[in-house]
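Please take a moment to look over the chain as a whole before turning to its parts.

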Amino acid sequence: MANANATNAHSKVSAVGQPLNRVDGPLKVQGKATYAAEYLPSQKPLAGWIVGATIPRGTITAIDTTEAEKQAGVKAVLTHLNAPSQLPFGQPEDKGRFKQSRAMLNDAKIRYFGFPVALVIADTLEQARYAASLVAVSTDEEAPNLLTSPEEARDVPESLDGGLEADASMGEIAAAQQRAQSLVNVTYQTPTQVSAAMEPHACVAEFDGTKLHVHMSVQVVASAVEAIATTLKMEPENVVVHSPYVGGGFGSKLGVFNETILACLGALHLNQPVRIALSRRQVFKNAPHRGHSYQHMTLGSDENGALTSIRHNSYMPMARDYQFAEPTGAGARSTYRADAISSTHRVKVVDSPLLDSTRAPGDAIGSLAFESAIDEVARKSNIDPLTFRINNMPDKHPVSGKPFSSHALKQCFEEGAKKFGWAERQSSTNGNKRRGFGVASAVRLNMITPSAAQLSLTADGSLKVSTDMTDIGTGTYTILTQIVSDYFGIDTAKVTVDLGHSTSPASSGSGGSFGASSSGSSVLLACEKLAQKVCQLSGYKESSAAIRFADERIVLSEKGSGKELAASSIATLIGKSGKDKLSVEASIAPGDDHDNYAQFSTGAQFAEVEVDTVTGEIRVIRQLGVFSAGKILNHKTATSQLGGGMIWGAGYALMENLVTDQRDGSFINCDFAEYHIPVNRDIGDIEVHFIEEPDYKASKLGSKGIGELGITGSGAAIANAVTDAIGVRFREFPITLDKVL
Ligand code: MOS
């Protein structure tokens, strides 16, 4: 629970961090949290079903909807011939991918296998789905561009996600390689992956004649408004987005995708509310995913096990007309010191569903390959892989040379080694079963993005936060409640948090691990502003007085001495302002510290596995992570999030693989029966620990990002444990049992 003794005596929150239960938990378990598809507009929504292209690339020459239109319950069949007018896909070019037009059914062009070519709208889902099977599409087919070897990826991406440069280097790489005693020259491959959020993408759109109300599942609300308005050539003030509950996003809901635009087109065309809820199979084609990668590395170390050279070259696909490339080499640039470092990224434009951020873009699969290769060079140098990592810790950013705002990776390893029992571990054989142990670094960029929030105090002493920030399962409702409760020393029950409505001040949204620090800092600033306002109304300088809530009263006391200065009822105080409540708005943005310092969250990942040498089965026995991400805002939600990330790591190492049919670019295994993600039985013991080191250069709250940290390195720790168990190195993920045999 919140610490009742907390005051605002200084701007740095000291009591945030307790493992408060999720404040939205009861609503969720009672089914009272309304997710996008569950929203009921004034009138029962019609159901939309998408007709997807069955060729990878080409042009629609004819489309016959007459049979579909004749079916019972069918209200309309939208195609590029009758859909409302939109700005062409990808325009305006300079707006960036989250605000550009995401037009659907706007021309005869087919962009990928499964690309929507028609939308059937009917009274019921079943009617729409059946009628969709009767839409006849004639096409001119072209051969798809796919990435089938690293040599084909030659384009230099404009920039990488997170604002990184495509190429970065430091030192003389050739000379550094020559000095190496142990040299590893390897290519790793990671497969196509999907975000696999629990809640499939959905949208209910309703047009009231002026405003378009869009109930959708999206991570960032403000840019969604802009993307929808841009696409439909509407004024942004006439687009209202609601996303109060999001059942996971993992990057696949950062932007506006097919189902949302299609539902909006349907609502505008029919002037009736339209709901599109994707089936799981449709999610694989209509939501963005992660491309496969080839990662070529040459790593060298000298006779003392010091890294001389780190060269990392990444090759990946990029979707046509969609500027997004993963910073796969970010870890190679940021984790260890070396005499020389060189990192490049090359892409090939392909005809596939959109490629976008997926669960720690860059670092998730970058660390899978890089931290495996680091293990290879450690073993080749005959040095314990944990010792090797500690010996190569950087004291400043290895490429930019900037100082770290804080950096506790070494402590994470030292603490983790103790907690895991690294020194006492014993690789063992028991019949067919071999045990092995692995370790890896987790290093993830810390970002802040502009974020605003409103805070209001009403006469009954309750405080309300309003911001368009989202809670994608991460715990935003809870931590924002804690920040306010702690600042004023009031019970969490007195605080309400209203999220996900575009009518509220624009926030960072959730993504890139920046959500909690960005939106939380804006809420902390709002608390400070409200305190100032209270002091002013009471006739005191905010610099000299601290405020505290006691029942329906506000008590001001002298800073330092704590001597009571004044006390008044909240109602009286608000009365003085002439309004029915006291409201403030605050916004934050990254400051100079984000330019002047290298900011990273870090962690040490440990794993123990058991490999059956007869069946090839790999079981994860336990995973342990020690993480440093500044101030931890809520130990319970943070532990869940990091543990969840570590589970995704097991998925990357051992299971996940979206298979592409090379003839037509279609995905073959579009469900969870065939696209395997870890379930309870696949995971052993998980432990999450923290080295807590508040970092006020990273954010006003002292927190750094954790959302994507748990995923980073966890897969490599498992892969390294597999090699430790059976002495074989697998360089093509996932490590499935057919490869082990
Ligand atoms: Mo994240 S993969 O930027 O939601």
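Helices, labelled H and at least four residues long, and strands, labelled E and at least two residues long, are runs assigned by DSSP and numbered from the N terminus. The model you see is predicted, and with these labels in hand its chain can be described as having 18 helices and 27 strands. The radius of gyration of the chain is 27 Å, close to the 27 Å that the globule rule gives for 741 residues, and the chain is therefore as compact as a globular protein of that length. Taken along the principal axes, the box that the C-alpha atoms fill is roughly 75 × 75 × 50 Å. Within the chain, 58% of the 741 residues count as buried, and of the contacts between residues at least 6 apart in sequence, 81% join residues at least 24 apart.

One stretch carries a label from a database record: in an unreviewed entry, UniProt lists residues 30-143 as "domain: Aldehyde oxidase/xanthine dehydrogenase a/b hammerhead". In the model this span is 11% helix and 30% strand, and its end C-alpha atoms lie 50 Å apart.

Most residues other than glycine have a negative phi, and most peptide bonds are trans. Against that background, Gln-91 and Pro-92 are joined by a cis peptide bond with an omega of about -15 degrees, and Pro-92 is found in the loop between strand E3 (74-78) and strand E4 (109-110). A cis peptide bond also joins Phe-733 and Pro-734, here with an omega of about 0 degrees, and Pro-734 is found in the loop between helix H17 (714-726) and helix H18 (737-740).

Lys-233 has 11 other C-beta atoms within 10 Å, and because a residue with 12 or fewer counts as exposed, Lys-233 is exposed. Asn-271, which is not a glycine, has a positive phi of about 60 degrees and lies in the loop between helix H6 (258-270) and strand E12 (274-277). With 10 other C-beta atoms within 10 Å, Asn-271 is exposed.

Is Ala-287 buried or exposed? Ala-287 is found in the loop between helix H7 (280-286) and strand E13 (293-301), and with 27 other C-beta atoms within 10 Å it is buried. Leaving aside residues up to four places away in sequence, Ala-287 touches Ser-195, His-201, Ser-252 and Phe-257. Ala-287 and Leu-355 are 68 residues apart in sequence, while their C-alpha atoms are 8.7 Å apart in space.

We can now turn to how strands pair. In strand E18 (residues 451-458), 6 of the 8 residues are buried, so this strand is largely enclosed by the rest of the structure. Strand E24 (residues 581-588) runs antiparallel to E18 and is joined to it by 8 bridges, with Ser-587 of E24 as the bridge partner of Ala-452. E18 also pairs with strand E19 (residues 463-466), in the antiparallel sense and over 4 bridges, and here Val-465 of E19 is the bridge partner of Leu-455. E18 and E19 form a hairpin with 4 residues between them, and Gly-461 in the turn has a positive phi of about 80 degrees.

Another set of strands forms an open sheet of 3 strands, in the order E4-E2-E6 and with antiparallel pairing. Its edge strands are E4 and strand E6 (136-141), each of which pairs on one side only. Strand E2 (residues 58-64) pairs with E6 in the antiparallel sense over 6 bridges, and Ala-62 stands opposite Ser-138 in E6.

Finally, consider how two helices meet. Helix H13 (residues 515-538) and helix H14 (residues 570-577) pack at an angle of about 85 degrees, with their axes 10 Å apart, and are therefore roughly perpendicular to each other. Val-534, Leu-537 and Ser-538 of H13 make this contact with Leu-573, Lys-576 and Ser-577 of H14.

Definitions and conventions: Residues are numbered from 1 along each chain as its sequence is written. This is a predicted model: local features need pLDDT of at least 70, side-chain atom pairs count only at pLDDT 80 or more; totals for chains, interfaces and linings use all residues. The radius of gyration is taken over C-alpha atoms; the globule rule is 2.2 Å times the number of residues to the power 0.38. A residue is buried if 20 or more other C-beta atoms lie within 10 Å of its own, exposed if 12 or fewer, and partly exposed in between; C-beta atoms are placed from the backbone. Two residues are in contact if their C-beta atoms, placed from the backbone, lie within 7 Å. UniProt positions are given in the numbering used here, feature names are shortened, and annotations may be inferred rather than shown by experiment. Two strands pair if DSSP finds at least two bridges between them. Axes are lines fitted to C-alpha atoms, for helices over the stretch in contact, and angles run from 0 to 180 degrees between N-to-C directions. Angles under 35 degrees count as roughly parallel, over 145 as roughly antiparallel, 65 to 115 as roughly perpendicular and the rest as oblique.
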